[in-house]
Structure formats: structure tokens, C-alpha cells
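Please read the following notes with the model open.

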Amino acid sequence: MNWIGLWTIYKKEMQRTRRVLFQSVVSPVITTALYFVVFGSAIGSAVDTIGGISYAQFIVPGLIMMALLANSFSAASSGIYFPKFIGSIYELLSAPISYIEITAGYVLAATTRALLIGAIIFGVALFFTPLPIVHPWWALVFAVLVSFVFALFGFVVGLWASNFEQLGLLPTFVIAPLSFLGGVFYSIDMLPPFWQTVTLFNPLVYMINGLRWAFFGITDVHPVWSMSVILLFMAVLFVIVGWIFKTGYKLRK
Amino acid sequence: MIEITNITKTYASGFTALRDVNLTIKKGEIFALLGPNGAGKTTLISAICGLVEPSGGTITVGGFDTKKEYRQARSLIGLVPQELFLEIFETVWSTMTYARGFYGKKDDPELYEQILRDLSLWDKKDEKIQALSGGMKRRVLIARALTNEPAVLFLDEPTAGVDVELRREMLDVVKDLQKRGTTVILTTHYIEEAEELADRIGIISAGEIKLVEDKDALMKRMGHKTLSLNLVQNLEKLPVGVQQEGVALSPDGSQIHYSYKTGANSGITTLLSSLKEAGVAFEDLDTEQSSLEEIFVTLINQK
């Protein structure tokens with residue numbers, strides 16, 4: 001294993017995070033604060049408690065989850081896409097470093113970046129509402145796994161994308177809608193029965209509810225299901241990444 | 001040092017960039033790969049360095065297979081690409097430390113200082129790449145390729161679009177590296193560059209190695225020049241006294257061409273005095289060095 005190589009990629013990506021500090025950290029904070037003002041305070045005052053917790057508390061795990069998956073995805077996808085785009089990817093391809101080390105470097109850095117943002121949002125949320133966490137370790141496990149899985153997902157998309165349009169395709173048309181429809185702002189049983197069934201096909205529902213269960217002990221789906229969906233998603237991505245390694249897809253023509 | 005055996009490369013588009021290339025690079029030599037644009041120079045280098053997966057054949061670097069033992073093979077290699085592939089938001093210094101890090105080697109600030117000083121980059125070490133001029137960026141590309149102390153350095157068109165001073169410096173760096181035992185492979189389409197630096201020259205065209213020869217031998221062959229004399233009056237045939245070797249009349253009779261080798265025995269004086277004696281007047285003259293293109297044509301026709 002070229003541990004120094006892996007560590008170098010990780011460090012380099014974290015440096016990049018620091019350089020785009022405003023964009024990568026400050027903007028999610030502002031967005032989250034806005035969610036709290038609009039949904040938590042304005043709408044929340046009109047909503048009764050859900051499962052015994054206030055509306056402002058209810059939305060916190062979903063907001064954190066949304067930030068985790070969006071940021072890990074975009075950090076990893078842009079991380080690998082830009083070197084491809086400007087050509088500096090040659091530095092990695094000509095170095096004695098394996099695909100696994102390259103992937104690990106980018107994916108772990110993206111995971112870290114997402115978790116940092118998640119932690120900041122948690123901190124911001126504390127200004128608006130008290131947050132006693134029922135299963136703090138499980139909360140951490142869910143947060144880490146989801147960030148990791150979406151970083152892996154982003155990495156694959158960043159490899160696949162051959163222009164900026166393709167890079168933005170999934171976040172805009174898949175991840176954002178699915179997270180809004182994933183029960184961040186409502187409990188599934190508030191929906192009509194038909195839409196309740198449809199919602200169960202949305203993988204993000206399981207992730208968001210997994211974290212909500214860890215936070216407050218309430219959930220629309222059993223946490224075992226949440227964990228299973230995350231692990232299944234991870235397994236599928238490992239298979240795709242394995243195939244990319246084997247074929248050198250889009251990296252070594 | 002490098003053993004290339006039956007390498008072929010056909011891209012997904014169907015374009016065949018390399019056809020059954022066989023080449024041996026000796027340890028410690030400077031090898032110049034000459035060829036016109038699109039001949040396959042960059043593809044060949046990319047195949048050795050791991051940027052391109054060959055369709056067939058094997059390559060070893062320092063005895064290590066570039067596919068099966070890629071870590072050992074690539075550890076020996078430094079690559080300076082043709083294009084300015086740099087991350088513009090990084091500083092010169094971080095570009096150096098990352099470059100060495102990717103090779104799995106521990107940071108070595110003293111080495112970076114040495115390299116940056118040699119390439120007149122020391123005072124730019126904390127500048128961002130985007131603030132540097134094109135020539136400076138090219139220096140950075142070379143500097144970063146030296147951070148892993150390569151045994152083999154590849155320079156892909158190192159002097160394309162570079163001013164005289166930088167060109168001079170780069171040639172000095174290459175010579176210096178050779179003194180320290182580094183094997184250098186460079187691609188170029190400037191004959192003069194190959195002439196100044198190389199120990200051996202390979203010519204590649206349309207994905208095939210046309211010839212590999214010691215520089216001195218090749219330069220003799222390339223040293224041909226052609227003298228053209230525009231005559232005042234067209235001739236039907238060459239006057240008797242002018243018929244020396246290498247002299248020919250153009251088909252329309254308006255020009256005399258003389259093919260010669262530069263030097264004391266070029267034969268130009270003889271030709272000119274014999275023309276004077278024969279009373280042939282000319283209005284203009286022109287000399288032309290045989291270009292690489294022409295040499296390709298000659299080489300291909302010979303085979």
C-alpha cells in the first residue's frame with residue numbers, strides 16, 4: 001500500500017476544502033439557518049408535536065442528512081472531475097499509486113468534509129432548539145456511513161462525467177428532489193396511503209429516518225431497514241468501483 | 001533501461017496510434033524521439049508512463065513490467081507532459097510536496113529547494129501557479145517531475161512555445177541530469193534540439209518506428225542541403241563543364257539544383273566557377289536544409 005500517496009490525496013483535498021471555505025462551510029450554515037427560520041419557526045409554530053417532539057427538533061436529523069449526502073457527493077465528484085478536466089490527473093496516473101488508494105483518498109476526504117459540515121449544522125441547530133440525542137453512537141454511525149456511501153457515489157459520477165452538465169445532473173435531478181421527498185420536513189404517515197407506499201421506494205427515506213431514530217427514537221421505518229438500505233447501496237457502489245478498477249474505465253484510455 | 005516489445009495501441013475511436021513498436025532505451029543515454037505531429041510520440045510516452053493502456057505488447061522499465069509491477073516501474077519515472085497540466089490554485093511549493101507524496105515518498109524540503117533553485121523558481125515558491133507566466137509554469141512541470149528523483153525522465157516536447165533563455169536553461173538541466181546518471185527521453189520536432197542533446201535518435205511516423213540510430217550517423221545523413229540557382233535564361237541542358245555530381249537542371253530549365261553536404265568540400269565554389277566559365281548567369285540563389293518531413297519521405301521510400 002502506498003499510504004503516503006493516499007494521505008497526500010486526502011491532505012490535498014482537505015486543503016481544497018479550506019480554500020473554498022466560504023462556499024463549502026459557510027453557505028450550508030446559512031441555508032440551514034434559513035430552513036430553521038422558515039420551517040422550524042414559521043411553519044413549526046402551526047404544527048403540533050410529531051411523535052412527542054417539536055417540529056423544529058423533528059427536522060434537524062433530516063437537514064443534517066441532506067447536508068451530508070449533498071456535500072459528500074459534490075466534494076468527491078468535483079474532486080476527481082477537475083483533475084480530469086484540467087489534465088492534472090496525469091500526476092496520479094503516472095504515479096505508483098493504485099486505484100484503491102486514489103479512490104480512498106478522495107472518498108475519505110469528501111466524507112470528512114461532509115461530516116464537518118454536518119457537525120456545524122448540528123451546532124447551528126442547537127441555537128434554535130435543544131437536541132437531546134437518544135443513541136449518539138448510532139447517530140455517528142449513520143452519519144459516517146451515509147457520507148461515505150455518497151462520497152463513493154459522487155466519485156463514480158465524477159469519473160463518469162465528461163462535462164459539467166453531467167456532473168450537475170444527479171445532484172439537481174435526483175438527490176435534491178429525493179431528499180425533499182424523503183421525509184425531512186414531514187412524517188410519512190402525514191401523507192395519503194398511496195404516497196406513503198411510493199415514498200418507501202425512496203432510499204433517502206431510510207437514511208433520514210435512520211438518523212432521526214438515532215436522535216429521538218422515533219422513525220417511520222425500522223432502523224434495521226435503514227441500515228440494510230445503506231449497506232446495500234454501499235455494496236452496489238463497491239461493485240461498480242471494482243469494475244472501474246478492473247477496466248480502467250475513462251481513466252486510462 | 002526501457003524495453004518496449006511489440007506495443008500497439010488502437011483507441012476506442014478505431015484510430016491506431018502505435019503499430020508494433022519495438023524500442024530499447026539504454027541506461028544513462030539521452031534519447032530523442034523525433035516525428036511529425038500525430039506520429040504517436042505522446043501515445044508512446046503515455047503508454048510507458050501509465051497514462052494509456054496499450055492494446056498489446058509489453059513494456060519494462062528497469063526490468064519491471066509496467067502492468068504487473070507498475071509500482072516499481074513508475075517509481076523510476078518522472079514525466080513532463082506537453083501541456084501545462086497544473087492545478088492553478090496550488091502554490092509552487094505545494095505542487096512539489098504533492099508530487100513527491102503521490103510517489104509514496106517522504107517530504108524532502110531540501111530536495112525541493114535544490115530543484116527550484118536549479119530551475120530559477122526559488123523566489124516563486126510561494127506563488128500560486130495561476131500567477132506564473134507560461135514559461136514559469138513549464139519550469140514547474142519539470143520541477144515537479146524531479147521530486148521523486150527519477151531514474152528515467154520523460155520530456156514531451158519540452159521546448160514547444162518556450163523562449164530562448166528558458167530553452168537554454170532546460171537544455172542545461174537535461175545535460176546535468178544525464179551527468180548524474182539519469183536516462184532522458186525527449187520528444188521534439190526540432191532537429192537542432194536533438195542534435196545538441198541526444199546520444200541516439202529514433203524517428204517515428206504514423207505509429208511506426210522508422211529508424212533508430214546514433215545521432216552522429218544520422219546527422220551526417222541529415223546534413224544535406226540544396227542550393228537552387230534561378231537562371232536569367234532557361235537552359236535546355238546543363239553545359240558540359242558544369243556536370244558534376246549532385247547537380248541537376250529543373251524540368252523547365254529555369255533552375256539549377258545542387259545537393260551538397262556542408263563543409264570545406266561542399267563543392268559550391270567549383271560549381272559557381274564552372275558556371276562562370278560556361279557563361280551561365282543567375283539572378284538569385286537560395287539554400288535549403290532538408291527538413292524532417294523530407295527525411296521521412298526519403299526514409300520511407302528507401303524501405
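1. A nonpolar core here is a set of buried Ala, Val, Leu, Ile, Met, Phe, Trp, Tyr and Cys residues joined through C-beta atoms within 7 Å. A residue is buried if 20 or more other C-beta atoms lie within 10 Å of its own, exposed if 12 or fewer, and partly exposed in between, with C-beta atoms placed from the backbone. The model is predicted: local features need pLDDT of at least 70 and side-chain atom pairs count only at pLDDT 80 or more, while totals for chains, interfaces and linings use all residues. Residues are numbered from 1 along each chain as its sequence is written, and chains are lettered from A and ligands numbered from 1 in the order in which they are written.

2. The largest nonpolar core has 136 residues, and V146(A), A151(A), L211(A), A32(B) and F154(B) touch the most other members. Helix α3 of chain A (residues 55-86) supplies the largest share of this core, 18 residues. Helices (H or I, at least four residues) and strands (E, at least two) are DSSP runs, numbered from the N terminus. A second, separate core consists of eight residues, among them V242(B), V247(B), I256(B) and L275(B).

3. Contact is taken as C-beta atoms, placed from the backbone, within 7 Å. Leaving aside neighbours within four places in sequence, V146(A) is in contact with M65(A), L68(A), L69(A), M207(A) and I230(A).

4. Between the chains, 20 residues of chain A are in contact with 27 residues of chain B. On the chain A side, α1 (3-19) and α4 (90-93) each give two or more residues, and α1(A) gives the most, with five. What is the make-up of this side in nonpolar, polar and charged residues? It divides into eight nonpolar, seven polar and five charged; Ala, Val, Leu, Ile, Met, Phe, Trp, Tyr, Cys and Pro count as nonpolar, Asp, Glu, Lys and Arg as charged, and the others, Gly among them, as polar.

5. Chain B has an open, antiparallel sheet of four strands in the order β2-β1-β4-β5. Strands pair if DSSP finds at least two bridges between them. β2 and β5 (64-65) of chain B each have a single partner strand, so one side of each lacks a neighbour in the sheet. β1(B) (residues 2-10) and β4(B) (residues 56-61) pair over five bridges, and I4(B) has I59(B) as its bridge partner.

6. Most residues other than glycine have a negative phi. D20(B), in strand β2 (residues 16-25) of chain B, has a positive phi near 50°. D20(B) is partly exposed, with 13 other C-beta atoms within 10 Å. E157(B) also has a positive phi, of about 50°, and is found in the loop between β7 (152-156) and α6 (164-179) of chain B. E157(B) counts as buried, with 21 C-beta neighbours inside 10 Å.

Methods:
Contact = placed C-beta atoms within 7 Å.
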